[in-house]
Amino acid sequence: MADTSDTRTPAQIEADIRRRREVLAETLDEIGMRVHPKTIVGDAKAKVVANVDHTLGRAYVQVNRVVTDVRARFVDEEGAPRLERVVPVALVVVGVVGLLALGTRRRRG
């Protein structure tokens, strides 16, 4: 059997009860803050922002990688343009823009 004798004085017991009530009051306040609608909404917003930041970070890395790859194809190590690659691409771009411009004129007329 467990020994149920208590050697504390009534003042010590009251002090223990008072401390325990204070701890419980703090715990209840903390629980109240955690379940408060503004806190829940704020936590949800923070999670969304963190996910968006993470997604944007990954997108930035991917775009940076693509730009680096494209730059490597059109610029040599010294920074000079590789004309054998730039000129054909420029001609294709000019041709596509020209075709689009002609197509727009024909529809208007």
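Leu 28 counts as exposed, at 59% relative accessibility (exposed means over 50% relative accessible area, buried means under 20%, and partly exposed lies in between, using a 1.4 Å probe and protein chains only). Leu 28 sits in helix H1 (helices are DSSP runs of H or I with at least four residues, strands are runs of E with at least two, and both are numbered from the N terminus). Keep in mind that this is a predicted model, where local features need pLDDT of at least 70, side-chain atom pairs count only at pLDDT 80 or more, and totals for chains, interfaces and linings use all residues. Residues are numbered from 1 along each chain as its sequence is written, and side-chain values use heavy atoms, with hydrogens and water left out.

**Overall shape**
- The protein chain has 3 helices and 0 strands, running α-α-α from the N terminus on.
- Its radius of gyration is 36 Å, well over the 13 Å that the globule rule gives for 109 residues, so the protein chain is more spread out than a compact globule.
- That radius is taken over C-alpha atoms, and the globule rule is 2.2 Å times the number of residues to the power 0.38.
- Picture the C-alpha atoms filling a box of roughly 100 × 45 × 25 Å along the principal axes.

**Salt bridges**
- Side chains of opposite charge can pair when their charged atoms come close.
- The whole structure holds 4 salt bridges (a side-chain nitrogen of Lys or Arg within 4 Å of a carboxyl oxygen of Asp or Glu).
- One of them links Asp 16 to Arg 8, at 2.3 Å from N to O; Asp 16 is partly exposed at 27%, and so is Arg 8 at 37%.
- Asp 16 also meets Arg 19, at 2.2 Å from N to O; these two are 3 residues apart in helix H1, so about one helical turn separates them.
- Arg 19 is partly exposed, at 48% relative accessibility, and shared partners join Arg 8, Asp 16 and Arg 19 into one network.
- Elsewhere, Arg 82 pairs with Glu 77 at 3.8 Å from N to O, and Glu 77 is exposed at 74%.

**Confidence**
- The protein chain averages a pLDDT of 89, and 94% of the residues score at least 70 (pLDDT is the predictor's confidence in each residue, from 0 to 100).
- Confidence is highest in helix H1 (residues 10-34), with a mean of 95, and lowest in helix H3 (residues 83-108), at 88.
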